[in-house]
Each structure stands twice: as C-alpha cells, then as structure tokens.
Amino acid sequence: MAASRKVAAFRLPPLPTIGEIIKLFKLRALKQLSQNFLLDLKLANKIVRSAGSLKNAYVCEVGPGPGAITRPILNAGVAELLLIEKDPRFIPGLQMLSEAAPGRVRIVHGDILTYKLDTAFPEHLQKKWEDDPPDIHIIGNLPFSVSTPLIIKWLENISERNGPFSYGRTQMTLTFQKEVGERLTASTGSRQRSRLSVMSQYLCTVDNCFTIPGRAFVPKPEVDVTIIHFTPLVQPKIQQPFKLVEKVVQSVFQFRRKYCNQGVRLLFPEAERLKKAEQMLMLADVDPILRPTQLSMFHFKNLCDVYRKMCDEDPKLFAYNYREELREKKYRKKSNLKRTEDNSVL
C-alpha cells in the first residue's frame, strides 16, 4: 500500500460512459446476484458527496460493478481506492479506470463477506477509538441479497473493534432497499422499528441521506433504494457482547405485533419460561405489555444487562436455543407416536 501523501488535484481523463462500458464488455445484470446498474452520474456523485470529504482519504468501494460510483470517488481526490468485486466480468472495465488513475486504484477479485479488511489500509491511518474517525471510508451500492448479512457482520466488527474498524471509527456510506433503510433508521414507536433499528443504532449514528427511485437503475428493481451513512459511536448505547445483544433483540422482535413478554420468554427453557421472563422484565423495569416497537434503547439496555447477569448466574443459559428445544420436543412426540403404533401392531 502506498505511503501517506498529499494528493494533487485530480480529474479522470475522458472515458467511455457507463453505458458504453456495459456494451463494450457485453455486461448484463445477473438476477441471481441481485445486480442493478446505476447509469446516472449525477446520482453517483450525490452518493459520494454523502460520504463527506474524501480528499486524501483511503476508500474501499464494495461491488463497484461497471464503475459508476468509482469515477466520482476518484474525482474527489482520494489517496487510494480499493475495489472489491466478486463478479469477474467487471474486472476489465475496472482495470481501464485503474489505468486512467495510475497508482490510485487497487482491484481485488473477491467476496466482501469473506475478505479481510483489517489489513487493507496503511497502519499509519489507525486512530484511537475516542478520536475523530480515520481517513478511511467504505462506500458501496450493495446487492440486496447481501446488504443485511453484510451490515450485521460490520456491526459485529464495530462492537469488537476489528476488521475495518481496527483503524478506528471508520465511516460507511451504503445503499439499501428502501424498506431496509427505513428499518435501519426507524425511531422508537414507529411501524418500521425492528431488530435492525436497535442493532445499528446502539452502535452507530445512522443517517438516511436520500432515496433513489428504482427507475434510475438498469434493470429497474421493484423497489426504491436508500443511501444510509453510518458513523460508529465512541460509546455504544448497550455495553454488552454483540452476540448477547443480538440474541435479546432478536427474541423480543420474534413476535413484533404481540406484547414484548412473548419474545422475552423465548430466552428461557420451557420449564421455567414464565417465571424467568417475568423476573427479567421486572428487574429491567420494562412493562410486559409494551409492543417490541415501543421499547426504547434504554429498555433494551436494561434487558441486556439483566440477561447478562442471569447468564453469569446460570452458565448454560446463553447457549439455550428455543428452536432446538422445540425440535427435540417434536422428535420425542413423533418417536412416542411411532412406538405406540408399533405396540398396537404387536
């Protein structure tokens, strides 16, 4: 990776349009990879501006495809741009961009879900967590099929301060299906409030930048696309391990239209479910007849803190999975039924 350097004003030379690149390399969006091409460079520029100043920054673009967002990133004066592209069909077009911006682009043919970003940038960029964010940005027009698992993976990285967040509070500017974007930014009491709302907002400041109509993409998706900007918080709003928070939040939202006590019960084995759930809600000072969408971040903090204490008192509790208990119960019932039928035959 290149050493730190001041970047002179840079503009890409005249290049074929994105539409011409698509024709030149005979590219077509693959439905199985949830691909949609953004051809409007004005919108691409707007996405890049949403990331803030990129002058002299190091940027990782996820899934650049034919390079619509790549161009304005380079024109923003970045020190270096790392492109991670899974689809080999796009590599030749990206190499053309790399040649037009010598020394500024590094292309990796790989999967962002498995690629290690903890060593992707120079060590001198590292900052203390409580400092301002480092000069590192992650930007991406994400395929719908990977956007949710990817943001959950990165939220866990933020919680553990590893991966791209080993350098500090790295900022992210990413596209999501509009409905997912609304969930990520939903406030307490709103219809869109969900597991994603709590998991993202307890770790980050999450901003809904703007929405792009589906017709701006080729092929046109059935939904609109929202740009979301994430800045990790200095102090998470819930100071418990990510997996514990995830388990509590996931359980509470299991029955999102029912009272929250229904979901809390799933954290405990059936034999002690009612008693333990009542105890947890009482200690957390949470009204059992609130709906999951009505619970504030403070409610979830209290629930996680109490559940952690209960897990410390009962080391087997955290490993409990109500689905496994349900499967075992069904299996025993089926086995008993079979034995009864066999005895009847005898």
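This is a predicted model: local features need pLDDT of at least 70, side-chain atom pairs count only at pLDDT 80 or more; totals for chains, interfaces and linings use all residues.
A residue counts as partly exposed when its relative accessible area falls between the buried range, under 20%, and the exposed range, over 50%.

Salt bridges make a handy place to start. Side chains of opposite charge can pair when their charged atoms come close.

Take the pair made by glutamate 156 and lysine 243, whose side chains meet with an N to O distance of 3.7 Å. How accessible are the two partners? Lysine 243 has a relative accessibility of 43%, so this residue counts as partly exposed. Glutamate 156 comes in at 18%, so this one counts as buried.

A second pair links glutamate 325 and arginine 273, with 3.2 Å from N to O. Here the bridge runs between helix 12 (residues 322–345), which holds glutamate 325, and helix 10 (residues 273–283), which holds arginine 273, so parts 52 residues apart in sequence get tied together. Glutamate 325, at 21% relative accessibility, is partly exposed, whereas arginine 273, at 17%, is buried. Some salt bridges also share partners: Glu156, Arg195, Lys243 and Glu246 are joined into one network that way.

Then there is arginine 89, which meets aspartate 87 in a salt bridge of 2.8 Å, again N to O. Aspartate 87 is buried at 6% relative accessibility, while arginine 89 is partly exposed at 26%.

The backbone has a few things to show as well. Which residues other than glycine have a positive phi? Asparagine 56 is one of them, with phi near 65°, and it turns up in the loop between helix 2 (41–50) and strand 2 (58–62). Arginine 161 is another, with a phi of about 55°. Arginine 161 belongs to the loop that runs between helix 5 (144–160) and strand 6 (171–177), and its relative accessible area of 39% makes it partly exposed.

Finally, there is a cis peptide bond to look at. The bond from valine 218 to proline 219 is cis, and its omega is near -10°. Proline 219 itself lies in the loop between strand 8 (217–218) and strand 9 (225–232).

Technical notes
Residues are numbered from 1 along each chain as its sequence is written. Side-chain values use heavy atoms; hydrogens and water are left out. Helices (H or I, at least four residues) and strands (E, at least two) are DSSP runs, numbered from the N terminus. Buried means under 20% relative accessible area, exposed over 50%, partly exposed in between (1.4 Å probe, protein chains only). A salt bridge is a side-chain nitrogen of Lys or Arg within 4 Å of a carboxyl oxygen of Asp or Glu.
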